[in-house]
Amino acid sequence: MVEVTVAPQSSLADRPVQVRVRGLSPSQLVTLRAWLKDEQGECFQSRAFFRADGAGEVDPGLHAALGGSYSGLWPMGLFWFLQPDTLFRRLVKRDVAGSPFRVRLEVFDGLCLGADPREQPLASCEAERWYVGPGVQRVPVREGRVRGALFLPP
C-alpha cells in the first residue's frame with residue numbers, strides 16, 4: 001500500500017518539512033504534486049517526477065527530481081515552486097494569524113502532467129503551513145505615513 005507523509009504535519013511556513021513516499025515498487029516512476037487554494041480560491045501547484053529507490057521509497061530530500069516544476073535535489077522544492085493556475089497571480093497570505101495554508105500532497109503513478117480529475121492519486125496527505133507561531137500577538141502600526149504590523153512573541 002502506497003503512503004505519502006509529511007513531517008511535521010503542521011509547521012511554520014519558513015521551517016523545512018520532510019516529505020516521504022513509501023510502498024512503491026523499486027524503480028517505479030511517480031509524480032509528486034503539491035497544491036493549495038489561496039484565500040481568494042486561486043489554485044497554486046507544483047509537481048516533480050521521481051524514480052523510487054530499491055526499497056520503493058521517494059524522499060525529495062535524498063532523491064533528485066527528474067523534472068516537472070524543478071529538477072535536481074530540492075528538499076522543499078514542492079513548496080518553493082508552487083505556481084498559479086492563472087497567469088499573473090501571486091501567492092500571498094493575508095490572514096497570517098488566523099489560518100494556515102493547507103497544502104495537499106499527492107503521489108501519482110508514472111508521469112502526470114495535467115490536473116485530470118479522473119486520475120486518482122495512489123496516496124495523499126495534507127500539510128499545514130502557518131505564518132505566525134502560537135501565542136504571537138499582531139499589533140497594527142499606523143504612525144504618520146508608516147503602515148505595518150508588529151509581531152510580539154508570547
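Over the face of which residue does R129 lie, and at what distance from the ring centre? The points below take up this question and other features of the structure, which is a predicted model.

1. Charges over rings. R129 lies over the face of F79, and its distance from the ring centre is 5.1 Å. A second case involves K93, which is placed over the face of F101 at 5.0 Å from the centre of that ring.

2. Aromatic pairs. Four aromatic pairs are found when the whole structure is searched. One of them joins W74 and W80: the ring centres are 6.0 Å apart and the planes stand at 85 degrees, over the 60 degrees required, so this pair is classed as edge-to-face. W74 also pairs with F81, again edge-to-face, with 5.4 Å from centre to centre and 90 degrees between the planes.

3. Through ring pairs, Y70, W74, W80 and F81 are linked into a cluster. W80 has a relative accessible area of 53%, and because this is over 50% the residue counts as exposed. W74, at 36%, is partly exposed. F81 is likewise partly exposed, with a relative accessibility of 25%.

4. The hairpin of β10 and β11. Strand β10 covers residues 137-143 and strand β11 covers residues 146-152; the two pair in the antiparallel sense over seven bridges. Within this pairing, V139 has L150 of β11 as its bridge partner. Two residues separate the strands of the hairpin, and G144 in the turn adopts a positive phi of about 60 degrees.

5. The setting of L32. Is L32 buried or exposed? This residue belongs to strand β4, which spans residues 29-37. Its relative accessible area is 0%, under the 20% limit, and therefore L32 is buried. As a general point, side chains in a regular strand alternate between the two faces of the sheet.

6. Contacts of L32. When residues up to four places away in sequence are not counted, L32 touches a set of residues that includes V4, V19, V21, F50, V58, P60, L78 and V107. For E106, the separation from L32 is 74 residues in sequence, whereas the C-alpha to C-alpha distance is 5.7 Å.

Key:
Residues are numbered from 1 along each chain as its sequence is written. This is a predicted model: local features need pLDDT of at least 70, side-chain atom pairs count only at pLDDT 80 or more; totals for chains, interfaces and linings use all residues. Side-chain values use heavy atoms; hydrogens and water are left out. Rings of Phe, Tyr and Trp (its six-membered ring) pair if their centres lie within 6.5 Å; planes under 30 degrees apart count as stacked, over 60 as edge-to-face and the rest as tilted. Buried means under 20% relative accessible area, exposed over 50%, partly exposed in between (1.4 Å probe, protein chains only). A charge sits over a ring if NZ of Lys or CZ of Arg is within 6 Å of the ring centre and within 35 degrees of the ring normal. Two strands pair if DSSP finds at least two bridges between them. Helices (H or I, at least four residues) and strands (E, at least two) are DSSP runs, numbered from the N terminus. Contact means heavy atoms within 4.5 Å.
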